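Take a moment with the sequence and the model. Then follow the chain from its overall build to single residues.

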Number of protein chains: 2
Amino acid sequence: MSADMSARELFAARGLDVPMAAIARHAGVGVATLYRRFPTRESLITEVFADQLAACLAAVYDGLADPDPWRGFCAAIRTLCDLQALDRGFTAAFTAAFPGAVDLDAQRDRAMGAFAELAQRAKDAGQLRADFAPDDLLLLLKACGGLTAGPAETALAASRRLTAYLLHAFRADPGRPPEPLPPRAPPFAMTPLTR
Amino acid sequence: MSADMSARELFAARGLDVPMAAIARHAGVGVATLYRRFPTRESLITEVFADQLAACLAAVYDGLADPDPWRGFCAAIRTLCDLQALDRGFTAAFTAAFPGAVDLDAQRDRAMGAFAELAQRAKDAGQLRADFAPDDLLLLLKACGGLTAGPAETALAASRRLTAYLLHAFRADPGRPPEPLPPRAPPFAMTPLTR
């Protein structure tokens, strides 16, 4: 198996902390060979998660393409949560700082910008509560990240149930305005990838 | 510092995986001394989390003592989520199997039984949606567990915002019944403490 596919599998199963040596072993190559191709853990993560971030961006753009703002908003969130439930490394990568990876950072910013647009469109249509903050998406993704222990189908079922509850909570209800929310958390610090 | 206080601190900051050697070091005792007092990791965790489970049980009983079922339900959930946000070991311990700790297992069963009663009371009053499952409490606690990275005040703020969204989602709304929920996840496997 290629090194980046091996890394992909191990990141998904065990998160981003997997040692480089374990990745090399899984790929059937020497550690030196792995380091020649990916001089830093970041460079490997960058390669592995380019696809993930692209999938994430695509989910948000698909949402924007839906003529119904609320349906588009919900579909994007459901897709992102499924990605997260099936892949332990996803939220970690999405919320990680990529100091050496300008392209990935730019792509994440693009995804967050498009998501903010999606949320605004649903607010303008009176379908999304006004106090929803675009970075509540990270709150939701990190919460789904708390459900990833155990087999994939358990994580997926748990994540879908949590997501259904939250989409209901996000919905504007002109008939009965919701309790005011506590203030947003200070932004989650971007996690340095190496430590 | 005593060994159980040291363990308490390290479990809270780093979760239940902390090596026994690190606990001994933090307590300023030898590993052999630690093992003499706590022959297994489980026996140490049992001692450390007896207080936590008692606090949890008290939160649920306080909820039951409130004459307003919905207010009691919300207060219990808020307290449990705060406990979780401030203590990374809490949900891990709450959802862990304690094979050697009959008392702790019994106490957790008592807490879950009392919580089910609290939920039923709020359903009977028409305040809690009928498809809420008592083990959605574990879903919520595990989701809050996904928010514990970073400083305690960030975790607490994030957890409170998530909890506020979810309490809104749990509320029965006779005017507009919510979308049906996806089925409950298969029960989270009780995590073996030793591995």
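In chain A, 72% of the contacts with a separation of 6 or more are between residues 24 or more positions apart. Contact here means heavy atoms within 4.5 Å. This is a predicted model: local features need pLDDT of at least 70, side-chain atom pairs count only at pLDDT 80 or more, and totals for chains, interfaces and linings use all residues. Residues are numbered from 1 along each chain as its sequence is written, chains are lettered from A and ligands numbered from 1 in the order in which they are written, and side-chain values use heavy atoms, with hydrogens and water left out.

What is chain A built from? It has 9 helices and 0 strands. Helices (H or I, at least four residues) and strands (E, at least two) are DSSP runs, numbered from the N terminus. Read from the N terminus, the elements of chain A go α-α-α-α-α-α-α-α-α. Of the 195 residues in chain A, 51% are buried. Buried means under 20% relative accessible area, exposed over 50%, and partly exposed in between (1.4 Å probe, protein chains only).

Start with one buried residue. A:Ile23 sits in helix H2 (residues 20-27) of chain A. Its relative accessible area is 0%, so A:Ile23 is buried. Which residues does A:Ile23 touch, leaving aside its neighbours within four places in sequence? They are A:Ala3, A:Ser6, A:Ala7, A:Leu10, A:Phe11, A:Val18, A:Leu34 and A:Leu44. Take A:Phe11: it is 12 residues from A:Ile23 along the chain, and their C-alpha atoms are separated by 9.2 Å.

Now move to helix H4 (residues 41-65) of chain A, which holds A:Glu42. Is A:Glu42 buried or exposed? It is buried, because its relative accessible area is 18%. A:Glu42 and A:Gln120 are 78 residues apart in sequence, and 33 Å apart in space, C-alpha to C-alpha.

Next, look at a helix pair. Helix H5 (residues 69-86) and helix H9 (residues 152-170) of chain A pack at an angle of about 150 degrees, with their axes 9 Å apart. Axes are lines fitted to C-alpha atoms, for helices over the stretch in contact, and angles run from 0 to 180 degrees between N-to-C directions. H5(A) is therefore roughly antiparallel to H9(A). Angles under 35 degrees count as roughly parallel, over 145 as roughly antiparallel, 65 to 115 as roughly perpendicular and the rest as oblique. The crossing of H5(A) and H9(A) is right-handed. A crossing is left-handed if the near helix is turned anticlockwise from the far one by less than a right angle, and right-handed if clockwise.

Who meets whom? On H5(A), the contact residues include A:Trp70, A:Phe73 and A:Cys81. On H9(A), A:Leu156, A:Thr163 and A:Phe170 are among them. By class, this contact has 12 nonpolar, 2 polar and 3 charged residues. Ala, Val, Leu, Ile, Met, Phe, Trp, Tyr, Cys and Pro count as nonpolar, Asp, Glu, Lys and Arg as charged, and the others, Gly among them, as polar.

Finally, turn to the cysteines. How many disulfides are found over all chains? The search finds 0. A disulfide is a pair of cysteine sulfur atoms within 2.5 Å. For A:Cys81, the nearest cysteine sulfur is that of A:Cys144, 3.8 Å away. A:Cys81 is buried, because its relative accessible area is 1%. In chain B, the sulfur of B:Cys81 is 3.8 Å from the closest cysteine sulfur, in B:Cys144, which is too far for a bond. B:Cys81 has 1% relative accessibility, so it counts as buried.
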